[in-house]
Amino acid sequence: MRKKVGTSTYIQRINTLERKLLKQVKELDDVVEKYPEIIFRLQVVEFALKHSVKVAVEAFGVSKSTIYRWIKNYKSSNNNPLSLKNRYVSKKDAAIYAMV
């Protein structure tokens, strides 16, 4: 016997997708709070894409090559803000992570 696919099944699928999306958004918010440089870099990248890199250099005081690198990382990751996270870990932070 074939299982009926009706409104309730459709709603269950939608709810599952919503839960997954909400979980992803929450995780992204937690990461952005933990790494405040992501917000600044995202602002610089979006400003540079909207206006120009030259204007962004003057407005934010970041070098042209750095902005181009951030744009490249941002676009190659399908506009994922986590690609703008600082990859460098200071010795102080490394010691804290080693303790955990």
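Author: Buried means under 20% relative accessible area. The model here is predicted, and Val45 is a case to start with: Val45 lies in helix H2.

Reader: Is Val45 buried or exposed, and what is its relative accessible area?

Author: Val45 has a relative accessible area of 0%, so it is buried.

Reader: What is Val45 in contact with, leaving aside its neighbours within four places in sequence?

Author: Val45 is in contact with Trp70, Ile71, Tyr74 and Leu84. As for Ile67, which is 22 residues from Val45 along the chain, the two C-alpha atoms are separated by 6.7 Å.

Reader: How are two packed helices described?

Author: The description uses the angle between their axes and the distance between the axes. In this model, helix H2 (residues 37–50) packs with helix H4 (residues 64–76) at an angle of about 95°, and their axes are 10 Å apart. Angles of 65 to 115 degrees count as roughly perpendicular, which means that H2 is roughly perpendicular to H4.

Reader: Which residues make the contact?

Author: H2 contributes Phe40, Arg41, Leu42, Val44, Val45, Glu46, Ala48 and Leu49. From H4 come Ile67, Trp70, Ile71, Tyr74 and Lys75. By class, the contact of H2 with H4 has ten nonpolar residues, three charged and no polar.

Reader: How many residues does H4 have, and how far does it reach?

Author: H4 has 13 residues, and the distance from its first C-alpha to its last is 18 Å. That is close to the 18 Å expected at 1.5 Å a residue.

Reader: Which residues of H4 are buried, and where do they sit around the axis?

Author: Thr66, Ile67, Trp70, Ile71 and Tyr74 are the buried residues of H4. Their arc around the axis is only 135°, so they are on the same side of H4. What covers these buried residues includes H2 and helix H3 (53–60).

Reader: Which exposed residues does the face turned away from the buried side of H4 carry?

Author: That face carries Lys64, Ser65, Lys72, Lys75 and Ser76, which are exposed. Just after H4 comes Asn78, with a positive phi of about 60°.

Reader: How many helices and strands are there in the protein, and what share of its residues count as buried?

Author: The protein has five helices and zero strands, and from the N terminus on its elements run α-α-α-α-α. Of its 100 residues, 19% count as buried. Among contacts with a separation of 6 or more, 44% are accounted for by residues 24 or more positions apart.

Technical notes. Residues are numbered from 1 along each chain as its sequence is written. This is a predicted model: local features need pLDDT of at least 70, side-chain atom pairs count only at pLDDT 80 or more; totals for chains, interfaces and linings use all residues. Side-chain values use heavy atoms; hydrogens and water are left out. Axes are lines fitted to C-alpha atoms, for helices over the stretch in contact, and angles run from 0 to 180 degrees between N-to-C directions. Helices (H or I, at least four residues) and strands (E, at least two) are DSSP runs, numbered from the N terminus. Angles under 35 degrees count as roughly parallel, over 145 as roughly antiparallel, 65 to 115 as roughly perpendicular and the rest as oblique. Contact means heavy atoms within 4.5 Å. Ala, Val, Leu, Ile, Met, Phe, Trp, Tyr, Cys and Pro count as nonpolar, Asp, Glu, Lys and Arg as charged, and the others, Gly among them, as polar. The expected span of a helix is 1.5 Å times one less than its number of residues. Buried means under 20% relative accessible area, exposed over 50%, partly exposed in between (1.4 Å probe, protein chains only). The arc is that of the directions from the helix axis to the C-beta atoms.
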